[in-house]
Amino acid sequence: MSGYRRNFISDYDGLAGQWWDPRGPLAPLGWIARARAEFVPAANTADGGADIPQARLLDVACGGGLFGPHLAGKGYRVFGVDLSAMALKEALGHGFDAVARADITRLPFADASFDVVTAGQCLEHVPDPYAVVAELCRVLRPGGTLIVDTIPDTRTARLVAITLAENLPLPGRPARGTHDHRLFVNRERLTRVARAHGVELRLLGLRPRFRDFIRYLAGRREEVRMVPITSTSVLYLGVGTKR
Ligand SMILES: C[S@@+](CC[C@H](N)C(=O)[O-])C[C@H]1O[C@@H](n2cnc3c(N)ncnc32)[C@H](O)[C@@H]1O
């Protein structure tokens, strides 16, 4: 992808049509989306009746909506925001009920207006991910669930997510310049900020299932399952409930 500028977000518009390509540059996002969905609790619809409003889930920086299909059957009305208008169009066709073009640093929603808030693979694209985390906590209701996944500011992450992932000529390779290691997210600080805003995050790492990955490379699988691991040094997910 010539001309792709490092972390220049509107270039996600240029990826329209590639969000759902299982061997394209965004394919790993789909693998992570499936893993993230495991942490979304089923909405409490027990005998709600007509007067109880449907539970609301907000996926910030939702991109082309790769998370949407994994939320089917969980009982949420699914909202998405992103800066890329082209990506949002795709999200609408994939399980998102409503989308808005908005900056995740200033969400156009009232305090405590969502039951679940998710932020997948976007904190490492913004200059102040900690301010975004505060904003995510603001729109989450007490008792609601926050789920974030991102890349830590470690040397190993830089090696794996940039040097190897962006340069080895393999299917699912992110475009060169997709990531800037200076934006990778410090785990302690992220946890501290979430705690200060009422959410105690539990961190865990994720890695591709090796067997799936080999089969994917050999063209014998279209998707790679991600497995939880204790090491958070390359890719991590944080999940917590708001006090
Ligand atoms: C790597 S993609 C992740 C997309 C999606 N969350 C997923 O996991 O498939 C990063 C997304 O963040 C969006 N983005 C980056 N900065 C943003 C901002 N400040 N406000 C809204 N969206 C932003 C981009 O447009 C892009 O769709």
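User: What does the side chain of K74 reach?

Analyst: The side chain of K74 reaches the backbone oxygen of A37 at 3.2 Å, and a polar contact is a pair of N or O atoms within 3.5 Å, where within protein one must be able to donate a hydrogen and the other to accept it, and residues adjacent in sequence count only if both atoms are side-chain atoms. This is a predicted model, in which local features need pLDDT of at least 70 and side-chain atom pairs count only at pLDDT 80 or more, while totals for chains, interfaces and linings use all residues. Residues are numbered from 1 along each chain as its sequence is written, and side-chain values use heavy atoms, with hydrogens and water left out.

User: Why is H125 called buried?

Analyst: Buried means under 20% relative accessible area, exposed over 50% and partly exposed in between, with a 1.4 Å probe and protein chains only; H125 has 9% relative accessibility, so H125 counts as buried. The side chain of H125 also makes a polar contact with the side chain of Y12, at 3.4 Å.

User: Which polar atoms lie by the ligand at D82 and at G120?

Analyst: At D82, a polar side-chain atom lies 2.6 Å from an oxygen atom of the ligand, and at G120 a polar backbone atom is 2.8 Å from a nitrogen atom of the ligand. Taken alone the ligand exposes 600 Å², of which the protein buries 97%, with accessible areas from the Shrake-Rupley method with a 1.4 Å probe.
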